[in-house]
Amino acid sequence: MHLLVTGGVRSGKSRFAQEQAEQLADRRVFLATGRAWDDEMGERIKRHQDDRDASWQTIEEPIRVWEHLDQPGSVVLLDCLTMWLTNILLEEIELEPAIVSLEEALAAAGNPVVLVTNEVGWGIVPQNALARRFRDEAGRLSQRLARSCDRVVLVAAGLPLELKGSEP
Amino acid sequence: MHLLVTGGVRSGKSRFAQEQAEQLADRRVFLATGRAWDDEMGERIKRHQDDRDASWQTIEEPIRVWEHLDQPGSVVLLDCLTMWLTNILLEEIELEPAIVSLEEALAAAGNPVVLVTNEVGWGIVPQNALARRFRDEAGRLSQRLARSCDRVVLVAAGLPLELKGSEP
Amino acid sequence: MHLLVTGGVRSGKSRFAQEQAEQLADRRVFLATGRAWDDEMGERIKRHQDDRDASWQTIEEPIRVWEHLDQPGSVVLLDCLTMWLTNILLEEIELEPAIVSLEEALAAAGNPVVLVTNEVGWGIVPQNALARRFRDEAGRLSQRLARSCDRVVLVAAGLPLELKGSEP
């Protein structure tokens, strides 16, 4: 059972994803893609960590997330895909093979995986070309991983809208 | 029965909220948080006023909205929370006690209250730090008030998606 | 049967709209509103064209789309309304009569029409006045055309949320 959780910023999607993960297994791996580029981001990462108890093991992996999805007996929570995409684009790593590796790792993992992503394409067209590319790639990434998941949920105001599959 | 209505700009959320309020009581109080900072905003406020008939009493209250929710026998329509949040941030009033006052007033009000808010976090990360803070706080505010409401509706293209509760 | 499909950028809405259109009739007219202002846009148009097979006839019409909706025996796919709105605003054509012409043509067409639009008002308020006007007009346009359609679908991560009507 793989689950994709998407939504706007501060929509409650990370908390929802964590709650769902905690229902899927007692042993939990948090796959953190975020890098503390600045104090603001560092504080955001810290706040999310404080929300998780000792049942969670944290792996920090900004790029090669596909190497950590196979965790027999555990649930893996990857938060989040748009941060991962940012890391890929900033380090000028080729995107397509990275997505394929992620898709293949999802298909191979026998344990449940919960992926968190961000809706970033519901505003006006940004003037910055990199921002335009980022939201295009983020949209495409969500579409592709939605196909790899059994359940997809859109979160707004902390509440879920089921896009695919249903609550287990 | 408290209702939170959210959605993007010009999604039809104000009109939907007004229609719902009119079904909840014959006496209606419109709690206006908007300030006519400029002509564009003034015109927008005027257009919304023209949509309401004489059964509506208007109270203009940019900050202390919690003092006006208790209106026995009436429905109160607060439009909108993101304008209220803007007023709080611009006047550098402490946000947390203001939110708590609002939550407590909602819990205490025996009459129905309809709250309107905006989805503002579905675009790319803004470069401006205040804009980032604003969308973070707006998202958190929606999550908290959604917990205080019996029903939560997301509006797009003038049409409702039920997030919590259901049509009475 | 008229269908309005809306969603953020790269949400899969064009592909969803095309699949729906292909279920509605064997003869298909693609009403293309996009202009290749630059290479980026040209490439995007090309990519969408490659997704359509020989059963599709393409009509390029940036403004007077209402003249092409009546196609007895065919389905018409108009992609997209926000590009059409951009063309109207950039050429300083009066918007209201254009919307009325579109609404009247929809009401008159006996064949199915599928319209694609974009959600552009779920971010923070843009600093640019034209961008603010654009997202206001785009929101109003979606609301009005949603009233002219039997079915309205919001697409996210390639997956549909039914806003009005239902799958035929």
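The model is predicted: local features need pLDDT of at least 70, side-chain atom pairs count only at pLDDT 80 or more, and totals for chains, interfaces and linings use all residues. Residues are numbered from 1 along each chain as its sequence is written, chains are lettered from A and ligands numbered from 1 in the order in which they are written, and side-chain values use heavy atoms, with hydrogens and water left out.

## Interfaces

Between chain A and chain B, 5 residue pairs are in polar contact, both residues at pLDDT 80 or more. A polar contact here is a pair of N or O atoms within 3.5 Å; within protein, one must be able to donate a hydrogen and the other to accept it, and residues adjacent in sequence count only if both atoms are side-chain atoms. On the side of chain A that touches chain B, helix H2 (39–50), helix H5 (129–148), strand S6 (151–156) and strand S7 (159–164) each supply at least two residues. These elements are DSSP runs numbered from the N terminus, helices being H or I of at least four residues and strands E of at least two.

The interface of chain C and chain A has a count of 0 salt bridges, and the rule finds 5 residue pairs in polar contact across it, both at pLDDT 80 or more. Chain C contributes at least two residues from each of helix H2 (39–50), helix H5 (129–148), strand S6 (151–156) and strand S7 (159–164) to its side facing chain A.

The table sets out the residue counts and buried areas. Contact means heavy atoms within 4.5 Å, and buried area is the accessible area (1.4 Å probe) that two parts lose on being put together, summed over both.

| Interface | Residues in contact | Buried area | Share from carbon and sulfur atoms |
|---|---|---|---|
| Chain C and chain A | 25 residues from chain C, 18 residues from chain A | about 1800 Å² | 63% |
| Chain A and chain B | 25 residues from chain A, 18 residues from chain B | about 1800 Å² | 63% |

Of the area buried between chain C and chain A, about 1800 Å², the largest losses in chain C are those of C:Arg10, C:Ala157 and C:Leu159, together 32% of what that side buries.

## Symmetry

Chain C is superposed on chain A by a rotation of 120° with 0.0 Å of shift along its axis, at an RMSD of 0.0 Å. This is the relation of a three-fold axis. Within chain C, the C-alpha nearest the axis belongs to C:Gly123, at 2.8 Å from it. The superposition is by least squares on the C-alpha atoms of residues with pLDDT of at least 70 in both copies.

## Sheets

In chain B, 7 strands make up an open sheet with mixed pairing, in the order S3-S2-S4-S5-S1-S6-S7. Two strands pair if DSSP finds at least two bridges between them. Strand S3 (56–60) and strand S7 (159–164) of chain B are the edge strands, each pairing on one side only. Neighbouring strands of this sheet are turned by 20° against each other on average, direction ignored; axes are lines fitted to C-alpha atoms, for helices over the stretch in contact, and angles run from 0 to 180 degrees between N-to-C directions. Inside the sheet, strand S4 (residues 74–79) and strand S5 (residues 113–116) of chain B run parallel and are joined by 4 bridges. B:Leu77 has B:Val114 in S5(B) as its bridge partner.

Chain C likewise carries an open sheet of 7 strands, ordered S3-S2-S4-S5-S1-S6-S7 and mixed in its pairing. Strand S3 (56–60) and S7 of chain C stand at the edges with a single partner strand each, so one side of each has no neighbour in the sheet. Strand S1 (residues 2–7) of chain C pairs with S6(C) in the parallel sense over 5 bridges, and C:Thr6 has C:Leu154 in S6(C) as its bridge partner.

## Local features

Over all chains, the whole structure holds 20 salt bridges. One of them joins the side chains of A:Arg140 and A:Glu137 (3.5 Å, N to O). Both residues, A:Arg140 and A:Glu137, lie in helix H5 of chain A, 3 residues apart, about one turn of the helix.

A cis peptide bond links A:Asp79 to A:Cys80, with omega about 5°. A:Cys80 is placed in the loop between strand S4 (74–79) and helix H3 (81–90) of chain A. In chain B, B:Asp79 and B:Cys80 are joined by a cis peptide bond with omega about 5°, and B:Cys80 lies in the loop between S4 and helix H3 (81–90).

A:Arg10, a residue other than glycine, has a positive phi near 50°. The loop between strand S1 (2–7) and helix H1 (13–24) of chain A contains A:Arg10.

Notes: A salt bridge is a side-chain nitrogen of Lys or Arg within 4 Å of a carboxyl oxygen of Asp or Glu.
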